[in-house]
Amino acid sequence: MTELTASLLRQRSLRLPRQYPRVFLLVLALAWWVLYAALMPASEALVAALPVQRASRLGGAVQFFLYDAPNVLLLLTAVVFVMGMVNSYFTPERTRALLAGRTEGAANVMAASLGVVTPFCSCSAVPLFVGFLQAGVPLGVTFSFLISAPMVNEVALALLFGMFGWRIALLYMGLGLTIAVAAGWVIGRLRMERYLEDWVREMPRVQAIPGGAKLTLPERIDAGWDSVREIVGKVWPYIMVGIALGGAIHGWVPEDFMASIMGKAAWWSVPLAVLIGVPMYSNAAGVIPIVQALLAKGAALGTVLAFMMSVIALSLPEMIILRKVLKLRLIVTFTAVVAAGILIVGYVFNAVL
Amino acid sequence: MDIKVLGNCCGNCDTTIALIEQIAKAKGVAVTTQKVTDVRDILSYGVMSTPGVVIDGKVVHTGGVPGHDKIEQWLSA
């Protein structure tokens with residue numbers, strides 16, 4: 001009996017997005033908004049009901065967790081859903097066709113921007129890289145895409161938005177794009193094509209065809225759900241651990257503790273942050289809640305941004321994957337150029353803010 | 001049916017193979033599955049985003065774990 005009801009319910013709930021996709025999206029947005037608006041009072045009430053003092057260490061940590069965990073998860077789900085729908089307009093094949101045969105300069109800007117909206121998984125990095133070159137996308141332009149795609153991703157932006165506000169999220173996006181454009185352009189100027197692995201240079205040229213059938217709105221809604229299932233399903237444990245650690249830092253680490261190590265006064269803090277961040281591999285989901293807590297304890301924004309960017313954009317596993325297609329010299333150049341860009345961003349921020 | 005899953009990756013490819021095998025078993029369709037991991041072989045199908053699915057030599061899907069309905073469609077064809 002219950003199974004029958006469940007299957008009936010499922011059918012009914014499926015009919016709305018199929019027949020009236022616009023109405024469905026509107027209802028969805030409204031429901032989300034109501035849930036989001038109810039969150040802060042709910043978490044306040046929950047903390048008040050718990051047998052801990054709010055001003056105590058445990059109370060502070062618990063409140064940070066109870067508020068931030070659902071807040072970030074809700075935002076993340078919304079952003080990933082919308083990006084999943086947007087992504088369905090920008091397949092890698094289409095992006096490649098848009099970039100093929102263009103000359104460097106404006107194409108770097110285009111490639112970095114397309115990197116934000118084109119779906120990208122780090123395991124596709126190598127076939128994507130070679131596929132772009134095969135179709136005649138210049139090396140520097142390909143790099144602009146390859147730098148911005150993982151760095152300026154929807155998970156990072158949603159988390160930054162949830163924990164720091166839209167200003168910092170936009171700032172991160174602008175700086176990430178700038179680094180991707182500039183680094184790609186520099187690599188293009190250096191004429192490093194000969195440091196591609198030989199088999200890559202010998203790959204036959206192909207014609208870039210946009211391909212792919214046009215999707216209907218209900219199919220795009222499905223694409224949105226798919227990416228929620230895939231991405232949120234994968235990163236939520238990292239977020240929980242990150243927020244729990246962040247909560248612990250909030251509760252137990254003394255105020256201004258980080259100021260001496262990661263503050264503005266220490267000139268070496270930015271390079272050190274980049275040096276530690278480059279080999280580290282973590283997704284944005286795990287690192288941002290910790291970063292937020294560090295910031296609250298007196299770390300400087302530029303230093304923290306530099307750390308975050310180098311963790312997300314560069315990593316040892318990625319370099320090992322890229323070694324299949326790039327000779328060592330090009331990998332070193334790529335890492336150095338991107339790291340230099342991040343370093344500049346860190347210093348400029350610490351100086352300006 | 002000869003099914004190849006293209007990709008050298010984080011687990012999405014294994015998920016795709018497992019899903020196809022599971023649905024094929026449930027439907028009683030005989031399939032042989034194979035994982036293609038070499039970048040050159042993947043590119044020779046013109047696929048850039050993995051996982052990709054090739055059935056009897058034809059690319060039917062790229063760029064993610066395919067949905068349940070989609071796999072059922074392939075297997076009924």
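## Two packed helices in chain A

In this predicted model, helix α6 (residues 106-117) of chain A packs against helix α8 (residues 139-151) of chain A, their axes coming within 7 Å and crossing at roughly 30°. Because angles under 35 degrees count as roughly parallel, α6(A) is roughly parallel to α8(A). The crossing of α6(A) past α8(A) is right-handed.

On the α6(A) side, the contact is made by A107(A), N108(A), A111(A), A112(A), L114(A), G115(A) and V116(A). On the α8(A) side, the residues are G140(A), V141(A), S144(A), F145(A), S148(A) and A149(A). Sorted by class, the contact of α6(A) with α8(A) has eight nonpolar and five polar residues, and no charged residues.

## Where chain A meets chain B

The contact between the chains takes 17 residues from chain A and 16 residues from chain B. On the side of chain A that touches chain B, at least two residues each come from α5 (92-99), α7 (125-134) and α12 (217-252) of chain A. The helix that gives the most to this side is α7(A), with five residues.

By class, the side of chain A that touches chain B has 10 nonpolar residues, three polar residues and four charged residues. For the complex, the predictor gives an ipTM of 0.84 and a pTM of 0.84.

## Strands of chain B

Strand β1 (residues 2-6) of chain B and β3(B) run antiparallel and are joined by four bridges. In this pairing, L6(B) has G52(B) of β3(B) as its bridge partner.

β3(B) is also joined to strand β4 (residues 58-61) of chain B, by three bridges, and these two strands run antiparallel. Here the bridge partner of I55(B) is K58(B) in β4(B). β3(B) and β4(B) form a hairpin with two residues between them. In the turn, D56(B) has a positive phi of about 45°.

## Confidence in chain B

The pLDDT of chain B averages 86, and 97% of the residues score at least 70. Within chain B, confidence is highest in strand β3 (residues 52-55), at 91. This is the strand that bridges join to β1(B) and to β4(B). Confidence is lowest in helix α3 (residues 68-76) of chain B, at a mean of 86.

Terms used
Residues are numbered from 1 along each chain as its sequence is written. Chains are lettered from A and ligands numbered from 1 in the order in which they are written. This is a predicted model: local features need pLDDT of at least 70, side-chain atom pairs count only at pLDDT 80 or more; totals for chains, interfaces and linings use all residues. pLDDT is the predictor's confidence in each residue, from 0 to 100. Two residues are in contact if their C-beta atoms, placed from the backbone, lie within 7 Å. Ala, Val, Leu, Ile, Met, Phe, Trp, Tyr, Cys and Pro count as nonpolar, Asp, Glu, Lys and Arg as charged, and the others, Gly among them, as polar. Axes are lines fitted to C-alpha atoms, for helices over the stretch in contact, and angles run from 0 to 180 degrees between N-to-C directions. Angles under 35 degrees count as roughly parallel, over 145 as roughly antiparallel, 65 to 115 as roughly perpendicular and the rest as oblique. A crossing is left-handed if the near helix is turned anticlockwise from the far one by less than a right angle, and right-handed if clockwise. Two strands pair if DSSP finds at least two bridges between them.
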